[in-house]
Amino acid sequence: MNLYKEYENKIKFFLKEIEKKKVLVLTENLKNLTVESPPRNQKADMACNVAMILSKINKKSPIDLANILKKYLLDEFKEIEKVDVAKPGFLNITFRINFWEDYLFKIIKRKSKYGANKVDVKKYNIEFVSANPTGPLHVGHCRGAVIGDVISNLLIFNGHTVTKEYYVNDYGGQVKNFIKSVYYRIIEILENKKFPEDQELYPGDYVIDIAKKIIKKNIIKSYKNFDKIFDKLSKECLHISMETIKANLSMLNVKHNSFIYESEIINSKIVSKTIEKLKKRGLVYTGKLNEPKGELSKSWKPRNQLLFKSTNFNDDIDRALQKENKDWTYFAGDIGYHANKFNRNFDILINILGADHAGYIKRIQSAVNAISNNKVHLLCIVSQLVKLFKNNKPFKMSKRQGDYITVEDLINEVGKDSVRFMMISRNNDVELDFDFQKVTEKSKDNPVFYVQYAYARINSIFRILNLNINNEIKLDKENFKLNIYEKEILNKIAEWPRCIEITLTKLQPHIIPTYLYELSTLFHAYWNMGNSNKDFRFIIDNKISNKSRLILLQSLEIVINNGMSILGVSIPKSM
């Protein structure tokens, strides 16, 4: 039901038909033809630029060509009431009222599917969050979690198959330092020995909580020999840490389908097998890297290394696969992990990365291209930083967890809905200012409240009328009518499938909350007009003033419901 796409196709077909009648000459393709919403000051339902893109080849001014096309459009499309020509040559199209009545009933029939576009169904793997299992999630992880979850919901809404995946980096130096930190906290508790002052250890109080839980479980009987109990202690630490992370994600209403552990990837030999395959294809070799730039160069020494030819795939340099001690690098582990994804037959891979991983994109994309012989597309989306503000000042909450603010702290302060809506309210490519004062206000300045309040107001109308909002409303066709303000809301409702199409194409989920806020603003403005003019009131003496409005309200409710479901934000029926 993408009205704009539908009429773009119809107009292209119409143009080819009138070309046969020698009315005009067409270019080889009409890829620049657009059908879109006109500016608000143009009282029309849609605008088409066809006269402007065809004026040159037809040797006519856009205005003259538009006036010629106007007549043929009115003859061909009986559902069109009028066509106005606007400078510099737009065709502004207005549909008959019965066309819109039929369209609204189609929306109501589609309900939860309204807005979904017809697509070739793909199998997606979306990896997001994937924070090291060394403590609770912080605000930086929060934005990536919401972006990944909303993109997943968007793809599912459009009929794709999606696996939401978390890659658990439970292998390597950081995890060992985390296990040591818990161990020293246990020793501190049991033997009253001071926790070491070591910058590589984790200082947060949450480490003490983990230590206490492990002591209470009494699975490990003696802590005298760290090396001897390392495997058992590691298993307990990682289990508790991952349970904390899952609880944090649950507070955000994020649930992954799959958890893949790096240690399992390493132990299954998939890394070594994959690198051996790449070596046979001439993509892995032993060589020396050039001296790196920056501080690292001071301690750098040239040496032979196992290298991946990522420059064959547009990366800046070839990448190391083994450390000096012959352990696999983080990148080698990622190669194994993405080989694992490839073996699971996904069509498209999406990785949601933190701001500090932006420089990692080229190398991992080159690896996926190599592994799949360019058959699988990997898209990397970077989630930029979040800055917290309160009273126009940077805001710091409890530092109990260490040197960062946790997801749990944030949700407890403002609620899950505000966090999810605001984390997705701006393009992921830009930093996000999260204003605590704004997201707790009950005003137009708080977008999540404003959208939820629109939904509650719609439901209140049906409640007062003692009507079920999901029941069919029967109308006499002759009596269907909407005023110009209601038509404006209707035009915005008709944009919803196009909003979904653009969001899906660009994978920029901030488009949806922006649309929902604009739609809700139109509704609230119209509602407020009823305070001073009874002609614009939905209810007079507990009766609906114009039954046609009920169809409009049902459609509006469907769009808000579908949009907020994709965002994972609740919509209360009363506020």
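Begin by selecting Phe 538, which is buried, its relative accessible area being 6% (buried means under 20% relative accessible area, exposed over 50%, partly exposed in between, with a 1.4 Å probe and protein chains only). The model is a predicted one, in which local features need pLDDT of at least 70, side-chain atom pairs count only at pLDDT 80 or more, and totals for chains, interfaces and linings use all residues. Residues are numbered from 1 along each chain as its sequence is written, and side-chain values use heavy atoms, with hydrogens and water left out.

Rings of Phe, Tyr and Trp (its six-membered ring) pair if their centres lie within 6.5 Å; planes under 30 degrees apart count as stacked, over 60 as edge-to-face and the rest as tilted. Trp 527 is partly exposed, at 23% relative accessible area.

Now select Tyr 526, which is buried at 2%. The structure holds 30 aromatic pairs. One of them joins Tyr 526 to Phe 538, edge-to-face, at 5.5 Å centre to centre and 90° between the planes. Tyr 526 belongs to helix H19 (residues 511-529), whereas Phe 538 lies in the loop between H19 and strand E16 (539-540), twelve residues apart. Helices (H or I, at least four residues) and strands (E, at least two) are DSSP runs, numbered from the N terminus.

For two charges over rings, select Arg 185 and then Lys 71. Arg 185 lies over the face of Phe 195, 3.8 Å from the ring centre, and the charged end of Lys 71 sits over the ring of Tyr 72, 5.1 Å from its centre. The criterion is NZ of Lys or CZ of Arg within 6 Å of the ring centre and within 35 degrees of the ring normal.

Move to helix H2 (residues 50-58) and select Ser 55. Ser 55 counts as buried, at 10% relative accessibility. Leaving aside neighbours within four places in sequence, Ser 55 is in contact (heavy atoms within 4.5 Å) with Lys 60, Ser 61, Pro 62 and Leu 65.

Finish at the open sheet, whose three strands follow the order E14-E13-E15 with mixed pairing; two strands pair if DSSP finds at least two bridges between them. Strands E14 (393-394) and E15 (432-435) stand at the edges with a single partner strand each, so one side of each lacks a neighbour in the sheet. Strand E13 (residues 386-390) runs parallel to E15, joined by four bridges. Phe 389 has Asp 435 in E15 as its bridge partner.
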